[in-house]
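Dear colleague,

I am handing over the structure we spoke about, and below it you will find my notes on what turned up. Please read them with the coordinates open.

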Amino acid sequence: MSTELELERPAQPPSFQGISSGRKAKNLTATVLVTLCFTVAVIPLIWVLWTVASRGMESLLRAEWWSHSLSGVRANEDLGGAYHAIYGTIAQGLVTAVIAVPIGILVGIYLVEYGAGTRFARVTTFTVDILTGVPSIVAALFVYSVWISIFGFSRSAFANCLALLLLMIPMVVRSTEEMLRVVPNELREASYALGIPKWKTIVKVVIPTALSGIVTGVMLGVARIMGETAPALILMAYSARINTDIFDGSMANLPLLMVKEFTNPEAAGFNRTWGAALTLILIIMLFNLAATLVSRLSAVKTK
Amino acid sequence: MAKRIDVKDLNIYYGKFHAVENVTLSVPPRSVTAFIGPSGCGKSTVLRSLNRMHEVIPGARVDGSVLLDGADIYGAGVDPVEVRRTIGMVFQRPNPFPTMSIRDNVVAGLRLAGTKNRQQLDEVCEKSLRGANLWEEVKDRLNKPGGGLSGGQQQRLCIARAIAVQPDVLLMDEPCSALDPISTLAIEDLITELKQDFTIVIVTHNMQQAARVSDQTAFFNLHGVGQPGRLVEIDETSRIFSNPSQRATEDYISGRFG
């Protein structure tokens with residue numbers, strides 16, 4: 001009887017202890033470190049945005065900025081606008097994106113859905129990885145040597161687009177590839193098991209599942225190429241006038257406008273440089289907002 | 001509807017690896033056949049080769065023949081897409097299409113094959129969901145995403161999706177292994193109902209489940225590690241679980257090994 005009581009008696013009640021001082025110290029160190037790093041990273045970011053916004057705002061508030069070029073405007077006059085450069089940036093960005101996005105996505109689909117494991121696909125993936133890291137100046141020199149020196153075309157916005165294509169296609173391929181790889185194989189199998197052919201499985205099941213990631217990748221690519229300066233310096237000549245023909249003549253874009261006005265010692269030059277910088281940031285931001293919207297609408301839903 | 005399957009001398013390979021050897025078995029129409037056996041013995045592989053899903057894996061191939069009412073699904077010129085249309089499959093883990101609503105999930109097979117008639121799709125949707133015992137639970141939220149359902153509901157959604165294309169045969173690869181006992185019961189009841197219209201082959205690790213739902217049971221086993229799996233015996237479920245003809249089967253179902 002007594003042994004039974006012994007057994008029924010609860011074991012020693014658990015004694016919880018406070019957090020040891022060693023753990024507290026580690027926790028504190030980590031918290032301080034993380035907060036510090038965050039601050040170090042965020043301060044320059046806000047600083048840059050503030051500088052650009054405060055210095056560029058003056059130009060942007062002038063209505064002429066959005067509707068006029070700098071044609072015939074003297075260096076010291078706070079007149080005219082950046083329409084020619086805005087047009088150039090958007091036109092070159094769109095032309096590049098319209099060519100790069102389909103090519104990049106199709107290559108990504110080939111690599112993941114059709115070529116997986118083949119030698120050709122592995123070589124392509126490897127090449128794409130290397131191309132992603134090619135500096136823009138190298139792409140620009142390559143286009144110059146082939147398009148302009150060998151084929152004999154003149155410098156134009158389109159030559160700039162060609163260099164931007166070399167930069168953008170690998171980025172789109174990579175993000176498509178990575179996004180398609182994370183689509184679970186079970187979804188493909190579920191679709192095959194319903195008697196749905198492979199291409200339809202890819203178009204209707206795999207791509208919609210991966211779409212928001214692909215869109216994000218494309219937008220990062222667009223943002224990057226819109227800010228590229230080196231190819232523009234080598235492959236286009238700056239023009240203060242509005243030129244809508246990307247195949248012929250010199251055309252501006254916002255980075256080139258900044259380079260041009262940076263050497264203008266007048267106050268107007270200062271305003272134009274920062275105005276162009278702020279405009280570029282705003283355009284890229286608008287593209288990103290549009291992309292966020294698209295990926296929201298197409299994202300995988302659970303509720 | 002509901003056709004019979006005859007498998008003759010089926011050998012299945014992953015690249016050079018001989019996964020399953022010399023399987024010969026028959027599945028009568030409107031019956032449930034259970035595949036049991038230890039892990040890695042090739043029962044899922046055999047199941048996947050019954051609707052040509054096996055060859056989706058790079059390097060995978062089969063030898064031998066699988067006859068569906070006498071027609072060889074591995075015959076020359078047979079379109080695997082057509083075969084999978086006729087022989088549907090439900091997988092181990094529920095896998096509804098994450099970008100589609102419940103309704104779109106159910107009618108995905110028909111819609112992606114080109115059916116556009118909205119009224120017809122709605123009818124199929126309701127009929128399939130009723131067939132999968134899911135209609136009452138989801139009828140008010142057909143436009144909500146399929147991914148928002150519970151695991152058991154998702155699996156029944158997948159069954160509804162599979163039966164919506166009106167297959168002749170339904171293959172189930174451990175359909176309850178990711179589900180709780182109540183959802184499992186719901187699916188087992190469903191299997192018994194579906195038997196009226198479909199020929200069903202189910203892989204299961206749960207021997208009670210095999211005993212509960214199946215009419216005949218096939219026991220698969222391995223010779224040893226690295227050896228191909230093989231079919232030990234196939235017989236009426238009652239006989240397999242009471243008086244199997246092979247010693248290995250008796251050892252397995254009585255828990256002496258495996």
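This is a predicted model: local features need pLDDT of at least 70, side-chain atom pairs count only at pLDDT 80 or more; totals for chains, interfaces and linings use all residues.

Chain B as a whole

The secondary structure of chain B amounts to ten helices and ten strands. Its radius of gyration is 18 Å, close to the 18 Å that the globule rule gives for 258 residues, so chain B is as compact as a globular protein of that length. Taken along the principal axes, the C-alpha trace of chain B spans about 55 × 45 × 30 Å. If one considers the contacts in chain B between residues at least 6 apart in sequence, 68% of them join residues at least 24 apart.

The strands around strand 1 of chain B

Strand 1 of chain B, residues 5-14, pairs with strand 2, residues 17-27, in the antiparallel sense over seven bridges, and within this pairing B:Leu10 stands opposite B:Val23. The hairpin that these two strands form has two residues between the strands, and there B:Gly15 takes a positive phi near 60 degrees. Strand 1 of chain B is also joined to strand 4 of chain B, residues 60-68, by eight bridges, the two again running antiparallel; in this case B:Ile5 is the residue that stands opposite B:Leu68.

Where the chains meet

On the contact between the chains, 20 residues of chain A are in contact with 25 residues of chain B. The elements of chain A that give two or more residues to this side are helix 8 (185-193) and helix 9 (198-226), and helix 8 of chain A gives the most, with six residues.

One residue of chain A

I also looked at A:Ser136, whose place is in helix 6 of chain A, residues 136-150. A:Ser136 counts as buried because it has 20 C-beta neighbours inside 10 Å, and the cut-off for that class is 20 or more. Leaving aside residues up to four places away in sequence, A:Ser136 touches A:Leu167, A:Glu228, A:Ala230 and A:Pro231. The C-alpha atoms of A:Ser136 and A:Ala163 are separated by 7.6 Å, although the two residues lie 27 residues apart along the chain.

With best regards

Conventions:
Residues are numbered from 1 along each chain as its sequence is written. Chains are lettered from A and ligands numbered from 1 in the order in which they are written. Two residues are in contact if their C-beta atoms, placed from the backbone, lie within 7 Å. Helices (H or I, at least four residues) and strands (E, at least two) are DSSP runs, numbered from the N terminus. A residue is buried if 20 or more other C-beta atoms lie within 10 Å of its own, exposed if 12 or fewer, and partly exposed in between; C-beta atoms are placed from the backbone. The radius of gyration is taken over C-alpha atoms; the globule rule is 2.2 Å times the number of residues to the power 0.38. Two strands pair if DSSP finds at least two bridges between them.
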